[in-house]
Amino acid sequence: MAADSATAGRPAYLELLAQVLEDGVLTKDEAAALADLAGAYSLTRTQVEAAHRGFLLALARRAVGDGTVTRAERRELITTAGHLGLPEKLVRTVLDDARAALDDQRGRLCRPLPPGWSHGEPLRLGDGVAFTGCDDLVRARLEGRAKTVGLRVTGSVSGRTAILVTDGSAPSTTKSAAAQRLGTRIVHPDVFAELIEYVQPATTPERSGGDATPAAGSAKGSPPTW
């Protein structure tokens with residue numbers, strides 16, 4: 001009976017958790033409400049901690065969905081982890097897990113290269129791409145599509161950039177010079193439009209993270225931890 005109660009209580013607990021953290025603040029009254037609900041459904045400490053981790057992972061999946069985790073999104077994750085009594089270092093773990101799950105999902109949707117493929121090495125999930133000298137509307141469309149299929153759109157060209165997309169109208173930009181110096185592959189927007197239709201799975205799983213940004217503010221309450 002207790003197991004049945006806990007099974008039914010987890011969705012209710014997560015729903016209340018989402019409501020009280022919608023404004024990014026957990027008050028003492030809200031923490032008490034969570035504790036009362038957990039007690040009413042006989043949730044154990046382990047079950048509550050699992051719910052907190054699941055909630056943080058759901059936020060991480062939402063953050064990585066567009067291909068870029070902003071500083072604001074990272075701060076939100078760190079702050080939420082603090083409210084939930086979870087260590088800050090867990091944020092990097094859940095972001096890595098969220099990226100891996102998304103890459104796995106996208107990898108299963110990758111289309112095989114068509115017969116007569118003539119564009120050389122295909123792009124792969126997680127590859128970095130940069131743009132320069134392109135029509136603004138064309139660039140916006142291609143950037144959005146690139147993020148959707150799992151590529152990283154960067155603001156500069158580095159050794160980790162797989163491709164620079166340019167129509168050649170601005171051959172002397174900083175990005176063009178960097179691409180020439182580094183030997184970065186340069187393609188026309190029309191070619192890139194075909195490349196992103198056939199992005200392939202990553203050859204090796206890559207864990208990305210980066211230093212976490214310190215959270216702003218502090219919790220006013222603490223969730224139940226038993």
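The expected span of a helix is 1.5 Å times one less than its number of residues. This value is used in the second legend below, and the model shown throughout is predicted.

**Figure 1. Overview of the predicted chain.** The secondary structure comes to eight helices and four strands. Along the sequence these elements follow the pattern α-α-α-α-α-β-α-β-β-α-β-α. The chain has 226 residues, of which 38% are buried. Among contacts between residues at least 6 apart in sequence, 76% join residues at least 24 apart. The mean pLDDT of the chain is 86, and 87% of the residues reach 70 or more. Over residues 205-220, however, the pLDDT is below 50; this stretch has 32 contacts in the model beyond near neighbours in sequence. Where pLDDT is low, the predicted coordinates should not be read in detail.

Figure 2. Helix H6 spans residues 136-149 and has 14 residues. From the first C-alpha to the last, H6 reaches 20 Å, close to the 20 Å expected at 1.5 Å a residue. At the N-terminal end, H6 is capped by Asp-135. A side-chain oxygen of Asp-135 lies 3.0 Å from the backbone nitrogen of Leu-137. Just after H6 comes Gly-150, with a positive phi of about 105°.

**Figure 3. The buried and exposed sides of helix H6.** Leu-142, Glu-143, Ala-146 and Val-149 are the buried residues of H6. These residues lie on the same side of H6, because they cover an arc of only 135° around the axis. The exposed residues Asp-136, Leu-137 and Arg-141 are on the other side of H6.

**Figure 4. The aromatic pair of Trp-117 and Tyr-198.** The count of aromatic pairs comes to two. In the pair shown here, the ring centres of Trp-117 and Tyr-198 are 5.6 Å apart and the planes are at 70°, so the pair is edge-to-face; the cut-off for this class is over 60 degrees.

**Figure 5. The aromatic pair of Phe-131 and Phe-192.** Phe-131 and Phe-192 form an edge-to-face aromatic pair, at 5.5 Å centre to centre and with 90° between the planes. This pair also links distant parts of the chain: Phe-131 belongs to strand E1 and Phe-192 to helix H8, 61 residues apart. Phe-131 counts as buried because its relative accessibility is 0%. Phe-192 is likewise buried, with a relative accessible area of 0%.

Figure 6. Ala-130 lies in strand E1. With 0% relative accessibility, Ala-130 counts as buried. Leaving aside neighbours within four places in sequence, the residues in contact with Ala-130 are Thr-154, Ser-156, Val-157, Thr-161, Ile-163, Leu-164 and Val-165. One of these, Leu-164, is 34 residues from Ala-130 in sequence. In space, the C-alpha atoms of Ala-130 and Leu-164 are 4.9 Å apart.

How values were computed:
Residues are numbered from 1 along each chain as its sequence is written. This is a predicted model: local features need pLDDT of at least 70, side-chain atom pairs count only at pLDDT 80 or more; totals for chains, interfaces and linings use all residues. Side-chain values use heavy atoms; hydrogens and water are left out. pLDDT is the predictor's confidence in each residue, from 0 to 100. Contact means heavy atoms within 4.5 Å. Helices (H or I, at least four residues) and strands (E, at least two) are DSSP runs, numbered from the N terminus. Buried means under 20% relative accessible area, exposed over 50%, partly exposed in between (1.4 Å probe, protein chains only). The arc is that of the directions from the helix axis to the C-beta atoms. A polar contact is a pair of N or O atoms within 3.5 Å; within protein, one must be able to donate a hydrogen and the other to accept it, and residues adjacent in sequence count only if both atoms are side-chain atoms. Rings of Phe, Tyr and Trp (its six-membered ring) pair if their centres lie within 6.5 Å; planes under 30 degrees apart count as stacked, over 60 as edge-to-face and the rest as tilted.
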